[in-house]
Amino acid sequence: MPLYGKRYSIVLVNFRSRRITAICLELIRTHVDLAEADVLVVDNDSADDSIAYLRGIEWIRLIERKVDGPEQGFEAHGRALDLALGHVRTGPMVLFHTDTFLYDRAVIETMLGRLSVGVAAVGTTEQVKRPWYSTAWRVARRGARYLWQCGMLGLGLRELAPRPWRESHLKSFCSVWDTAIIRREGLQFSMGILNPGYVMQDELESRGYQFVRLSPGWVFRHLDHMQSGTVVEMGRHVGNPRRTAQYEKLLARFDAKATERVERT
């Protein structure tokens with residue numbers, strides 16, 4: 001146990017998503033031993049009722065980030081993670097999104113257990129739970145696109161490198177990072193114009209560090225994740241019925257599980 005008294009930190013970023021942030025934190029408090037976990041929440045200058053809600057929670061460490069000008073979503077999230085990194089006092093750091101709903105801390109314990117010497121991070125490469133046939137179709141579609149782009153590049157009709165045919169980067173909605181490695185290598189989450197952490201992962205792998213990729217099927221037995229749940233809550237996916245339906249479905253699942261717990265007690 002480190003001098004600070006906590007075994008690991010949990011970090012999440014809030015931006016105008018009071019409803020799902022409250023659910024995310026409630027589930028963390030329910031399933032995680034807070035004597036071992038230091039929970040940090042970065043508010044990305046929400047300026048709404050979510051910040052007042054967060055200020056009233058005593059068992060988290062709230063970091064209020066102020067924004068000077070317009071930012072793209074990936075920029076704001078990456079800079080918030082870097083700000084949190086400066087406040088983390090433990091070696092392992094667990095990243096969650098506010099639309100990650102934890103139902104079993106076994107996923108955290110397993111990832112912490114795989115964070116061994118030379119391993120920079122542990123997580124999964126898929127953001128949502130998909131049936132096998134959906135995954136197979138995605139791989140086939142991306143594989144065909146990859147071969148086409150390779151051919152175009154070989155003919156001199158394309159300058160950009162082909163997009164990878166399969167996911168390789170760990171997703172930040174649920175991953176564990178060794179903060180000592182990040183600091184020692186002088187890196188950060190907000191690098192380049194890709195999703196936060198992608199450039200850092202590529203750089204760390206080029207320097208010989210390893211990444212442990214867990215099966216998405218196993219990870220999603222222990223939690224739910226809404227893809228773009230924050231955006232849906234802010235009303236920006238009105239024209240995307242699939243994302244909105246997923247948002248409502250996972251909220252309904254949470255309500256059902258909460259009812260189950262009440263009935264058992």
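Reply: What follows is a chat about this model, starting with the whole chain and ending with single residues.

Me: Before we start, what kind of model is this and how are residues numbered?

Reply: This is a predicted model, in which local features need pLDDT of at least 70 and side-chain atom pairs count only at pLDDT 80 or more, while totals for chains, interfaces and linings use all residues. Residues are numbered from 1 along each chain as its sequence is written, and side-chain values use heavy atoms, with hydrogens and water left out.

Me: What is the average pLDDT, and which elements have the lowest and highest means?

Reply: The average pLDDT is 84, and 78% of the residues score at least 70; pLDDT is the predictor's confidence in each residue, from 0 to 100.

Me: Let's move to β2. How many of its residues are buried?

Reply: Strand β2, residues 37-43, has seven of its seven residues buried. In a regular strand, side chains alternate between the two faces of the sheet. In β2 both faces are covered, with Ala37, Val39, Val41 and Asp43 buried on one side and Asp38, Leu40 and Val42 buried on the other.

Me: Which strands does β2 pair with?

Reply: Strand β1 (residues 8-14) runs parallel to β2 and is joined to it by seven bridges, and strand β3 (residues 61-64) also runs parallel to β2, with four bridges between them. Two strands pair if DSSP finds at least two bridges between them. Leu12 stands opposite Val41 in β2, and Val42 stands opposite Ile63 in β3.

Me: What handedness do the β-α-β units here have?

Reply: β1, helix α1 (residues 18-31) and β2 make a right-handed unit, and β2, helix α2 (residues 49-55) and β3 make a right-handed unit as well. Right-handed means that, with the strands pointing away from the viewer, the path from the first strand over the helix to the second runs clockwise.

Me: New topic: is Asn14 buried or exposed, and what does it touch?

Reply: Asn14, which is found in strand β1, is buried because its relative accessible area is 0%. Leaving out residues up to four places away in sequence, Asn14 touches several residues, among them Thr21, Asp43, Ser50 and Thr98, where contact means heavy atoms within 4.5 Å.

Me: Which loops hold Arg16 and Ala47?

Reply: Arg16 is in the loop between β1 and α1, and Ala47 is in the loop between β2 and α2. Although not a glycine, Arg16 has a positive phi of about 55°, and Ala47, also not a glycine, has a positive phi of about 55°. Arg16 is partly exposed at 36% relative accessible area, whereas Ala47 is exposed at 67%.

Me: Last one: where is Lys66?

Reply: Lys66 lies in the loop between β3 and α3 (73-85), and counts as exposed because its relative accessibility is 57%. Lys66 and Asn44 are 22 residues apart in sequence and 6.8 Å apart in space, C-alpha to C-alpha.

Note on methods. Buried means under 20% relative accessible area, exposed over 50%, partly exposed in between (1.4 Å probe, protein chains only). Helices (H or I, at least four residues) and strands (E, at least two) are DSSP runs, numbered from the N terminus.
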